[in-house]
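Thanks for coming, everyone. Today I want to walk through the side-chain contacts in one structure.

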Amino acid sequence: NLHHLGGKIRKVIGNGKVWGLNIRYSNEPEILGTGGGIRKVLPLLGNVKDLLVINGDVVINADLKSLIKAHKSNQAIATLALREAPEQAQYGLLHYRQGQITSILGKPLPDKKSKTAHFTGLHILKTAPLQQLPLQKQLCVVQDYYVPALKAGQRLNAWVLKGYWSDCGTHTAIVQTAIALNSNVKNFPELKLAKVMAKKTSVK
């Protein structure tokens with residue numbers, strides 16, 4: 001979805017053909033949030049039954065095949081990639097047990113047997129239930145969709161991330177993440193590919 005500097009993003013990336021991709025854009029003159037943005041793109045997806053979503057301001061190294069397998073293992077309306085870390089509380093705690101989320105931000109009250117983690121911004125959602133969300137309205141996918149769904153007894157899968165994750169929501173965080181990745185390129189071979197692709201687009 002495009003908002004800030006959307007025109008420049010479209011100009012540089014284009015239709016994605018240089019990467020072997022087919023990229024379509026959803027313009028947001030008014031920010032719709034993590035939930036409203038997802039709802040707005042549903043008409044672009046056709047008959048797609050499951051949608052993989054990742055926040056644009058995170059760097060993550062995840063086993064997507066494992067995540068997809070977990071999502072397809074049952075009838076959960078979504079599978080959220082969670083991360084256990086000492087600083088997890090600053091991102092908002094989720095509780096989970098036996099592969100299932102039991103509480104989000106204290107709603108409903110968590111039981112003592114559940115483990116804690118935070119949401120990484122990577123998730124797979126079934127598209128059909130998303131149709132209930134209103135169009136063209138600013139929504140938070142966690143507060144306005146996942147919390148009510150959990151209270152209503154809907155299943156949300158918990159999949160725990162084992163790889164690297166970094167929140168790049170600030171300039172300082174971007175710099176710190178770049179330093180961390182560049183000093184550990186051998187464990188991130190995809191970075192070499194990313195540099196080659198960046199040259200193809202002549203990003204300045």
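**Side-chain contacts**

Start at Arg83. Its relative accessibility is 15%, so Arg83 counts as buried. Buried means under 20% relative accessible area, exposed means over 50%, and partly exposed is in between, with a 1.4 Å probe and protein chains only.

A word on the source. This is a predicted model, where local features need pLDDT of at least 70, side-chain atom pairs count only at pLDDT 80 or more, and totals for chains, interfaces and linings use all residues. Residues are numbered from 1 along each chain as its sequence is written, and side-chain values use heavy atoms, with hydrogens and water left out.

Back to Arg83. What does Arg83 form a salt bridge with? The partner is Glu87, and the closest N and O atoms are 3.0 Å apart. A salt bridge here is a side-chain nitrogen of Lys or Arg within 4 Å of a carboxyl oxygen of Asp or Glu. Glu87 is partly exposed, at 28% relative accessibility.

How many salt bridges does the structure hold? Three. Next comes Asp111 with Arg97, where the closest N and O atoms are 2.8 Å apart. This pair links distant parts of the chain, 14 residues apart: Asp111 sits in the loop between strand 5 (100–104) and strand 6, and Arg97 in strand 4. Strands (E, at least two residues) and helices (H or I, at least four) are DSSP runs, numbered from the N terminus. Asp111 is partly exposed at 29%. Arg97 is partly exposed too, at 33%.

Then Lys126 and Asp50. Their side chains meet in a salt bridge, 3.5 Å from N to O. Lys126 lies in strand 6 (residues 115–126) and Asp50 in strand 1 (residues 50–54), so the pair ties together parts 76 residues apart in sequence. Asp50 is partly exposed, with a relative accessible area of 31%.

Now the rings. The structure holds two aromatic pairs. Rings of Phe, Tyr and Trp (its six-membered ring) pair if their centres lie within 6.5 Å; planes under 30 degrees apart are stacked, over 60 edge-to-face, and the rest tilted.

Tyr91 and Trp165 are edge-to-face, 5.2 Å centre to centre, with 85 degrees between the planes. Tyr91 is in the loop between strand 3 (78–83) and strand 4 (93–97), and Trp165 is in strand 8 (residues 165–167), so this pair ties together parts 74 residues apart in sequence. Is Trp165 buried or exposed? Buried, at 9% relative accessibility. Tyr91 is partly exposed, at 32%.

Last, Tyr145 and Tyr146. Their ring centres are 5.5 Å apart and their planes are at 45 degrees, so the pair is tilted. Both Tyr145 and Tyr146 are buried.
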